[in-house]
Amino acid sequence: MKLKNGTFINGSITSQTEYTLNLSTPYGPVVLNQREVEAILPDKHRVHLQGGTQLVGVILDLDEFNLKLQTDSGVVNIDMPQIVSVEVYDYEQGEEAQKAIAQKQAAQAQAAAAATAAQAAAQTGANATAAPGAPAAGGLSFDSDIEKVFDAKKPEIVNGQVQTVQEISAAEIRAQRAAQMSEEEAFLKGIRPTEEKAIAQTAEAARSGKLDKIKKAEAKKAARPKDSNTNRYFSISVGGQTNDLKLNNAERKGFENTAAYDVGGTSVRAEATLLWRLKSSNLWLGPAVAISNIPNGSFDDKDPAIEEANQAEIAAAAAAGRPVNLPYPPGSDLSVDTSGQLIDLMVKGHYYFNPDSLFSVYFTALAGYRMLSLNYRGVIQGETLNNSTFIAAGGLGVEMWVDDLLLGLEVQEFYSPYSGDFKDSSAANIVASLKFSWKF
């Protein structure tokens with residue numbers, strides 16, 4: 001509402017009578033005298049487009065594909081991916097800017113009139129004083145000369161369709177418009193040689209089914225959140241990990257064989273990651289934690305428990321004066337069963353090469369600490385071997401937008417040098433994971 005005293009009030013009309021106007025404002029309800037209201041101004045919005053161009057008008061329609069704007073020049077259709085931001089048009093700011101420009105124009109006109117009068121007096125030899133010039137006529141009305149008021153660049157519009165999505169020259173625009181393009185592209189961009197041909201193009205696209213596919217593709221692209229609008233990243237990944245673990249019992253009491261036994265295998269690995277964007281770059285850093293199992297395995301060795309059990313039976317038989325009944329044949333081997341788990345605590349980073357694409361490719365790297373636990377089962381159940389080591393990894397990943405979810409695949413090579421009973425193990429192993437991620 002613009003009041004007769006020059007005040008602007010923003011709000012929604014809740015009810016009105018012949019004499020009063022009831023408003024709901026951000027500061028509470030307001031009742032105005034109808035005679036104090038000079039004008040009821042429509043809700044206008046300023047639309048900022050890519051490349052720095054702007055449009056001001058009334059929003060007629062809005063959906064996930066298109067925004068229809070009523071401007072002073074007519075109705076304009078804007079594709080959603082072209083829009084950077086939309087803000088409510090500030091009438092008060094506009095009026096103040098318009099008054100300033102009107103005063104500047106009046107001062108320029110007065111100066112020009114004074115110069116003209118002085119020149120005329122000099123030519124006639126008169127000693128007259130130049131009369132002040134009249135104020136500039138007209139001034140500026142609401143929303144007119146918007147480029148002067150806000151120093152804005154208007155976009156290129158053809159047949160009511162915004163053509164420019166980036167800052168390019170008029171010559172380039174004309175060249176692009178003249179370039180050969182498919183019927184579907186011409187239809188979507190609104191570049192139609194004749195209305196009859198446009199109707200034929202639309203009908204053909206609809207019959208072939210291409211139009212629906214194009215609209216669906218554009219809708220998915222428009223609905224996909226921009227990477228630049230996010231600064232946090234959370235992912236859950238599940239995959240497989242190769243473990244070339246070799247257990248050497250040669251230095252442990254009671255074990256006889258010196259061979260290194262394979263107690264590794266392919267593990268199931270689960271990981272959770274939380275990253276933050278570094279400022280406005282494509283680099284993300286944060287903590288991650290992962291857990292993976294060491295599959296059940298077994299090997300044959302001279303188990304010390306066998307000898308201990310036999311010796312205990314011999315002592316018990318001697319004390320009781322009964323025949324010896326050994327639980328295990330002397331010198332026999334017994335299958336030793338193992339299983340275990342790996343826990344990784346890491347600092348992880350992603351660097352995205354093309355973050356706003358449908359398929360985003362990134363480089364990933366990490367460093368951290370691994371805790372390994374191998375459990376003996378069976379005869380020597382309860383004994384556990386522990387080993388801790390530094391880990392580092394690097395690899396590549398790819399993610400695809402599905403609505404606001406990212407589905408991805410990540411492959412990394414880990415480096416983890418083991419020691420002690422696992423010193424014969426390979427330091428390298430591969431991890432491949434399927435990821436579910438969110439950027440917010």
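What follows is a short tour of the nonpolar core and the salt bridges. Keep in mind that this is a predicted model.

**The nonpolar core**
- The largest nonpolar core brings together 14 residues.
- If you want to find it, look for the residues with the most contacts inside it: L247, V263, F299, L372, L374 and F422.
- β19 supplies the largest share, with three residues.

- The salt bridge count comes to ten.
- E38 pairs up with K2, their closest N and O atoms sitting 3.8 Å apart.
- That pair ties strand β5 (residues 37–39) to strand β1 (residues 2–3), with E38 and K2 36 residues apart.
- E38 is partly exposed at 46% relative accessible area, while K2 counts as buried at 10%.
- K348 and E271 also form a salt bridge, at 2.7 Å from N to O.
- Here K348 belongs to strand β18 and E271 to strand β16 (residues 265–277), 77 residues apart.
- K348 is buried at 2% relative accessibility, and E271 is buried too, at 5%.
- E410 meets K435 in another salt bridge, 3.2 Å from N to O.
- This one joins strand β21 (residues 405–415) to strand β22 (residues 428–439), with E410 and K435 25 residues apart.
- Both partners are buried: E410 at 2% and K435 at 1%.

**A linked network**
- Salt bridges connect R269, E271, D344, K348, R370, E399, E410 and K435 into a network.

Key: Residues numbered from 1 in each chain as written. Predicted model: local features only at pLDDT ≥ 70, side-chain atom pairs only at ≥ 80, totals over all residues. Heavy atoms only, no water. Core = buried A, V, L, I, M, F, W, Y, C linked by side-chain atoms within 4.5 Å. Buried < 20%, exposed > 50% of the residue type's maximum accessible area, 1.4 Å probe, protein only. Helix = DSSP H or I, 4+ residues; strand = E, 2+ residues; numbered from the N terminus. Salt bridge = Lys/Arg side-chain N within 4 Å of Asp/Glu carboxyl O.
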